[in-house]
Amino acid sequence: MIKQKDERTEQMRELVYVGRRTLEWRDAADPTIQGDRQAVVRPIASTTCDLDHYIIAGHTPFRPPFAIGHECVAEVVDVGDAVATVTRGDVVVVPWKPSCGDCAYCLAGLTASCEAYGMAGAYGVPLGADLGGLFSDLVLVPFADAMLVVVPDALDPIAVASASDNLTDAYINVHKGLDRHPGARVLVWGGVGSLGLYAVDQALAAGAMSVEYIDANPARRARAASLGAAVHETYDDGFLMQFPVVVCATLKPEEFRRSFEALKPGGHLSSLSIFFEDKPAPFWEMYMRDITFSTGRPSSRPHIPHVLDLCLQGALHPEKVVSKVIPWEEAPAGLVEPSLKPVVARQPLYSSRRLQGVGA
Ligand SMILES: [Zn+2]
Ligand SMILES: [Zn+2]
């Protein structure tokens with residue numbers, strides 16, 4: 001058991017998804033440094049990816065049990081001899097996927113496809129190597145310098161806990177459209193959870209002329225409005241061919257299809273949703289209007305520094321998406337209760353930073 005400086009004495013546990021709407025802490029072996037590029041980190045602000053809500057509800061192909069969680073800010077506990085960019089006590093974003101920094105995919109910026117732990121391997125999902133989850137007491141980071149991004153002191157770890165994945169995924173997908181159509185009007189179709197809201201924030205930060213947001217959920221609409229979007233409960237027939245950029249974060253096939261109708265000729269549609277099965281797409285309309293479509297697991301790591309910079313500048317407002325802060329020990333019950341973007345938090349042991357709104 002790691003017990004440096006005598007601060008950490010508890011038994012290492014993982015938060016394990018054991019079945020539909022059931023999570024539990026389970027004892028596990030402490031991760032230990034076995035290679036000089038590795039680090040051990042202690043999550044201090046972990047949050048749910050939108051996918052996790054579907055996992056917890058039993059609506060994915062992933063079969064229990066497995067350690068859940070792949071979005072967190074953590075403090076560094078220990079580092080291997082070759083690690084140069086972080087040291088004990090640094091507060092860092094841990095990307096959802098281990099990436100080595102050296103392979104052809106990493107060098108091309110495609111860290112989501114790094115093959116070091118199998119292309120599918122990621123924290124918190126039972127794919128590829130078992131890497132554990134980011135709601136665990138301690139986490140092994142296989143390539144510390146390539147993966148970890150230091151969180152500046154001025155940023156609240158609770159607000160940026162989603163930089164590992166969803167917050168940065170929205171940045172990537174908004175830019176796929178807006179880089180081709182700078183200053184465009186943007187339509188965001190929400191639905192899966194936080195992703196649509198982050199897309200609103202990212203689009204306005206990226207210079208969109210305006211953002212329209214569709215979502216049947218009134219609580220999410222209110223948050224979208226507070227981020228600066230004009231909000232709509234349902235699709236408006238007046239949206240037909242009005243938008244150069246559409247960002248789609250809905251899983252409903254009919255809404256997905258209608259998202260294409262809103263595109264102007266030459267427009268771009270980014271899908272933030274995870275479809276586990278093939279879905280029909282309106283190829284005739286896409287052909288006639290020269291539409292481009294993008295989807296993909298986000299290669300977050302290269303973009304996380306830009307996202308943190310935007311937060312520092314006050315251009316992004318991820319704190320407005322946080323729905324509640326759950327004390328670390330209460331994670332199993334707290335995360336089963338439906339909530340948009342709950343953050344499980346605890347005070348650091350190795351950093352002098354203090355998290356606001358979290359008990360001693
Ligand atoms: Zn995710
Ligand atoms: Zn790699």
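Which helix gives the most to the lining of the largest pocket? The points below take up this question for a predicted model.

1. Helix 1 is the answer: three residues of the lining of the largest pocket come from it. Helix 1 spans residues 50-56. Helix 4, helix 7 (253-261) and helix 8 (283-289) also supply at least two lining residues each.

2. The largest pocket holds about 900 Å³ of space. Its lining counts 39 residues. Closest to the centre are Leu 272, Ser 273, Ile 274, Phe 275 and Phe 276. By class, the lining has 24 nonpolar, eight polar and seven charged residues.

3. The second largest pocket has about 370 Å³ of space. It is lined by 21 residues. His 53, Tyr 54, Val 192, Pro 338 and Ser 339 lie nearest its centre. Helix 1, helix 6 (218-226) and helix 10 (331-336) each give two or more residues to this lining. Helix 1 has the largest share here, with four residues. The classes are nine nonpolar, seven polar and five charged.

4. Now the packing of two helices. Helix 4 covers residues 166-178 and helix 9 covers residues 304-312. Their axes come within 10 Å and cross at roughly 95 degrees. An angle of 65 to 115 degrees counts as roughly perpendicular, so helix 4 and helix 9 are roughly perpendicular to each other.

5. Which residues meet where helix 4 contacts helix 9? From helix 4 come Leu 167, Thr 168 and Tyr 171. From helix 9 come Ile 304, His 306, Val 307 and Leu 310. Five of the contact residues are nonpolar, two are polar and none is charged.

Terms used: Residues are numbered from 1 along each chain as its sequence is written. Chains are lettered from A and ligands numbered from 1 in the order in which they are written. This is a predicted model: local features need pLDDT of at least 70, side-chain atom pairs count only at pLDDT 80 or more; totals for chains, interfaces and linings use all residues. Side-chain values use heavy atoms; hydrogens and water are left out. Axes are lines fitted to C-alpha atoms, for helices over the stretch in contact, and angles run from 0 to 180 degrees between N-to-C directions. Angles under 35 degrees count as roughly parallel, over 145 as roughly antiparallel, 65 to 115 as roughly perpendicular and the rest as oblique. Contact means heavy atoms within 4.5 Å. Ala, Val, Leu, Ile, Met, Phe, Trp, Tyr, Cys and Pro count as nonpolar, Asp, Glu, Lys and Arg as charged, and the others, Gly among them, as polar. On a 1 Å grid over the protein atoms alone, a cavity is a set of points where a 1.4 Å probe fits but cannot get out, and a pocket is an open set with protein on both sides within 12 Å along at least five of seven lines; lining residues have an atom within 4 Å of a point. Grid points are joined across faces, edges and corners, and a volume is the space filled by probe spheres set on the points.
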